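Colleague: Hi, I'm new to this one. Could you put it up so we can go through it together?
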Amino acid sequence: MTLAATLTRRWQKPPLIKRAWLRWALALGAAIYLALAFGTTEVNWTRVWEGLPRGARFFAAFFPPDFVSRWSEIFDGILESLWMTVVATVIGIALSIPVGIGAAKNIAPAPVYYFCRGILAVSRSFQEVILAIFFVKLFGFGPFAGCVTLAFATIGFYGKLLAEDIEDMDPAQAEAVRATGAGWLQWINYGVQPQVLPRMIGLGLYRFDINFRESAVVGIVGGGGIGATLNTAFDRYEFDSAAAILLIIIAIVMVVEYSSGYLRRWVQ
Amino acid sequence: MAIASKDGAKVWQRRDRKAQFATWAVYLTSTAIFVYCWELISEKTIWAFVWDAPAQAGDLFARMVPPDWGSIHGLWRPIWDTLNIATLGTLMAIIIAVPVAYCAARNTTPSVAFVRPVALFIIVSSRSINSLIWALMLVTIIGPGVFAGILSIGLRSIGFCAKLLYEAIEEIDESQVEAVRATGASGGQATAYGIVPQVLPAFAGISVFRWDINIRESTVLGLVGAGGIGLPLNAAITTLAWTQVSLILLIIIATVVAGEWVSAKVRHAII
C-alpha cells in the first residue's frame, strides 16, 4: 500500500473477534436464541399489571418497616440462623479438609482423587434448597436439617477451593519437609498446611457470610432459621414485617462482610 | 520463632509465650462459641428422628431407583425454561450492572459523596437477598411464572456483577486513560477507548461465571412458583413420585455440569 493511500485511510476500531465468519455466526446464533427465548416465555401482562399496586404496597412497607409486632419471632429466627451458620461453617470446613486433601491431584492416589472429586461434584451441583428438602425429609423439621444442608454445601465449596490451592502449591517446600524424614501427617502439617492456610482462613470467613445468606432460604422448606419467619410473613401479606426481616438480613450481611474483610487483611 | 530452654537444653518452639497464650485464648473462645451454638441447636432437635435417618435414607433410595425415564418427555420444556431464566436473567443483570458499577467505582463515579453510596447500597441489597427470596416476593407481586424467575435471577445478579465489575474498573491502569485523554478525547471517548478495553475481559469473565451460578440457582425457583425445572420437582416430591424425583435430580446434575463446562471453556478462551 502506498503512503498516500495509508494516510487517507481512516482508523477503525479492530473487531473484537477477528474471524468474520465466527463473528457473524455468533451474532446470528445469539439473535436466533433470543428470538426463541422471548417467543417461548409467556408473560401474563394483565397479571403483572394487577400486581403492580401490590408491589407498590410492598415498597411502601419499607417506610417504615414494622420491627415491633413480630419482634419475638424475628429475633428468635435471626438467632437461630446465626447458630446454624456457626455450627454449619465449623463442621463443614472440618469435613471438607480431608475431602479437599483427597481431591488434590498432586498428593492423593487416583481412586481417592476420583472419589473425593465425585463428592465435590454432587455437593456443588445441587442448590442448597434441594439439599434442604431431602435433609428435612431425613432429619425432621428444624435447625438440625438446615445445619446439615449448609455443612454439606460448604464441603463442595471449600473442598474444591482447598484442593485447587493445594494443587497450586510450591512443591519445593513440601519436598524439603519430606527430606527431613517427616511422616505423612507431619508432611501435610508442616509442608502443605502453611502454604494454603492464609487464603483458606479468608475463604472460611467468606463461606460464613454465604452460609448466613443461605440460612435465610433453607427455612423456606423447613430447615429452621429466619427463612421460615420470612416465608410466613409473605404468605400472610405482612409486608411490613417482611421488610423488617429483609433489612435485618441486609444489615447483618453487611456487618459480617465488613468484619470478615477486616479480619482477612489482619490475617494475611 | 522462639527458643525455650528445658533442663538446660534449647528447644525450638513455634511461638513465644505471649503468642502461644493468645492463640490458645482464640481457640478456647471459638470452641466455647461453637459448643454453645451446637447446644442450642441440639435442644431444638428431635434426636429420635436423626437416629432414624439412615434407615429413612435407605428407604428413600430404594424408592428412587430406577429413575422413571418414561417421564422425560414432559421435562424438556421445564429445562428450556430453566436455561432461559438463567440466560435472560444474567442478560438483564449485566445491562443494569454496567451503569451501577460505573457509578460505584471510585475513579469513574460522577460524585463520591452522593452517587457512590447509592450505587453501593444497590449492590449490597441485591447481593444480600437470595434469588429464592426475590422469587418469593415477585411471585406474590407479579404472579407465578417464568417472568418472575427471570426478574429474581436478574435482581440477585446485579449486585454480584456490579461488585466484581467496579472492582475491575478501580484496578485499571490510569495512564492509558490519560493517554487517550491527551489526544483530545472527550469524556465518553476516554471511557470507550481508555477504560472499556481494559475491563472487557473481566466483564466477559464475570458474566459467564454468573451465568454458570444462575443455572444452578434457577433450578430451585420453581419451588416457590417461579418457573423452570423446580416446578416438576416440587410436583413430584409432593405426589411422592420418587422415581421421577431421581430423574429430575439426574437432569439437574447434567445441566449444571454442562453449564460449568461451557463456562470454564469460554472463560479459558477469553483469558
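Colleague: How many residues does helix H4 of chain A have, and how far does it reach?
Modeller: H4 (residues 71-102) of chain A has 32 residues and reaches 46 Å from its first C-alpha to its last, close to the 46 Å expected at 1.5 Å a residue. That expected span is 1.5 Å times one less than the number of residues. Helices here are DSSP runs (H or I, at least four residues), numbered from the N terminus.
Colleague: And where does H4(A) kink?
Modeller: At A:Ser96, by about 30°, shortly before the proline A:Pro98. The bend is the angle between axes fitted to the seven residues ending there and the seven starting there.
Colleague: What should I know about the model itself?
Modeller: This is a predicted model: local features need pLDDT of at least 70, side-chain atom pairs count only at pLDDT 80 or more, and totals for chains, interfaces and linings use all residues. Residues are numbered from 1 along each chain as its sequence is written, with chains lettered from A and ligands numbered from 1 in the order in which they are written.
Colleague: Switching to chain B, which peptide bond is cis?
Modeller: The one from B:Val65 to B:Pro66, with omega near -5°. B:Pro66 sits in the loop between helix H2 (47-64) and helix H3 (76-104) of chain B.
Colleague: What about phi of B:Leu240?
Modeller: Near 55°, a positive value in a residue other than glycine. Most residues other than glycine have a negative phi.
Colleague: Is B:Leu240 buried or exposed?
Modeller: B:Leu240 counts as exposed because it has 9 C-beta neighbours inside 10 Å; the cut-off for exposed is 12 or fewer other C-beta atoms within 10 Å, placed from the backbone.

Note on methods: Helices (H or I, at least four residues) and strands (E, at least two) are DSSP runs, numbered from the N terminus. A residue is buried if 20 or more other C-beta atoms lie within 10 Å of its own, exposed if 12 or fewer, and partly exposed in between; C-beta atoms are placed from the backbone.
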